[in-house]
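User: I am new to this structure. Please show me how to read its features step by step.

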Amino acid sequence: IESANKIESLLNTNLIDPPSLLELADMASMTHTKLNRLFKKLYGNTVFGYLRELRLNQAKKLLDEGQLNITQIAYETGWSNPSHFSREFKEWYGLSPKTYTKQIRK
């Protein structure tokens, strides 16, 4: 559990360029399968599913602030492709980042 907490903390501070799953598993001294199982048990998601949630939550906060455009937010939160970010955001929140931004600025 302590190892999973360290990994969780590391992911929170490395949204843009996190270590690979194998690197994280090495840091936790376990296999990547065991790390994913433990993470799912503790946090309700796999390691990179959890990272995706962190990125999307941070992206939403940045959209709420209104200081950056959607492309900048995509890169700031670790996506290498703004279109992929938009698809992921829409899947998670039910609205595209553009539609979400329009709604909060009404």
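User: Which exposed residues does the face of helix 1 turned away from its buried side carry?

Analyst: Keep in mind that this is a predicted model. That face of helix 1 carries Glu2, Lys6 and Thr13.

User: Which residues of helix 1 are buried?

Analyst: Buried means under 20% relative accessible area. In helix 1, that applies to Ala4, Ile7, Glu8 and Leu11. These residues cover an arc of only 100° around the axis, so they sit on the same side of helix 1.

User: What do the buried residues of helix 1 pack against?

Analyst: Their partners are helix 2, helix 3 and helix 4.

User: How is the length of helix 1 read?

Analyst: Compare its span with the expected one. Helix 1 has 12 residues. From first C-alpha to last, helix 1 reaches 17 Å, close to the 16 Å expected at 1.5 Å a residue.

User: Now the nonpolar cores. What is the general idea?

Analyst: In soluble globular proteins, nonpolar side chains tend to be buried together. Here is the case in this structure. The largest nonpolar core has 16 residues. Those touching the most other members are Ile7, Leu11, Leu24, Leu35, Phe39 and Val47. Helix 1 (2-13), helix 2 (21-27), helix 3 (32-43) and helix 4 each supply at least two residues of this core. Helix 4 gives the most, with 4 residues.

User: Leaving aside neighbours within four places in sequence, which residues is Ile7 in contact with?

Analyst: Ile7 is in contact with Leu24, Met27, Ala28, Leu35 and Phe39.

User: Where is Ser29 found?

Analyst: Look in the loop between helix 2 and helix 3. The cut-off for exposed is over 50% relative accessible area. Ser29 has 67% relative accessibility, so Ser29 counts as exposed. Check the backbone too. Phi of Ser29 is near 55°, a positive value in a residue other than glycine.

User: Next is Glu88. Is Glu88 buried or exposed?

Analyst: Glu88 counts as buried, because its relative accessibility is 14%. Glu88 lies in helix 6, which spans residues 82-93.

User: What does the side chain of Glu88 make a polar contact with?

Analyst: The partner is the side chain of Arg52, at 2.2 Å. Now widen the view to contacts of Glu88, leaving aside neighbours within four places in sequence. Glu88 is then in contact with Arg52, Leu56 and Trp79.

Definitions and conventions. Residues are numbered from 1 along each chain as its sequence is written. This is a predicted model: local features need pLDDT of at least 70, side-chain atom pairs count only at pLDDT 80 or more; totals for chains, interfaces and linings use all residues. Side-chain values use heavy atoms; hydrogens and water are left out. Buried means under 20% relative accessible area, exposed over 50%, partly exposed in between (1.4 Å probe, protein chains only). A polar contact is a pair of N or O atoms within 3.5 Å; within protein, one must be able to donate a hydrogen and the other to accept it, and residues adjacent in sequence count only if both atoms are side-chain atoms. Contact means heavy atoms within 4.5 Å. A nonpolar core is a set of buried Ala, Val, Leu, Ile, Met, Phe, Trp, Tyr and Cys residues joined through side-chain atoms within 4.5 Å. The expected span of a helix is 1.5 Å times one less than its number of residues. The arc is that of the directions from the helix axis to the C-beta atoms.
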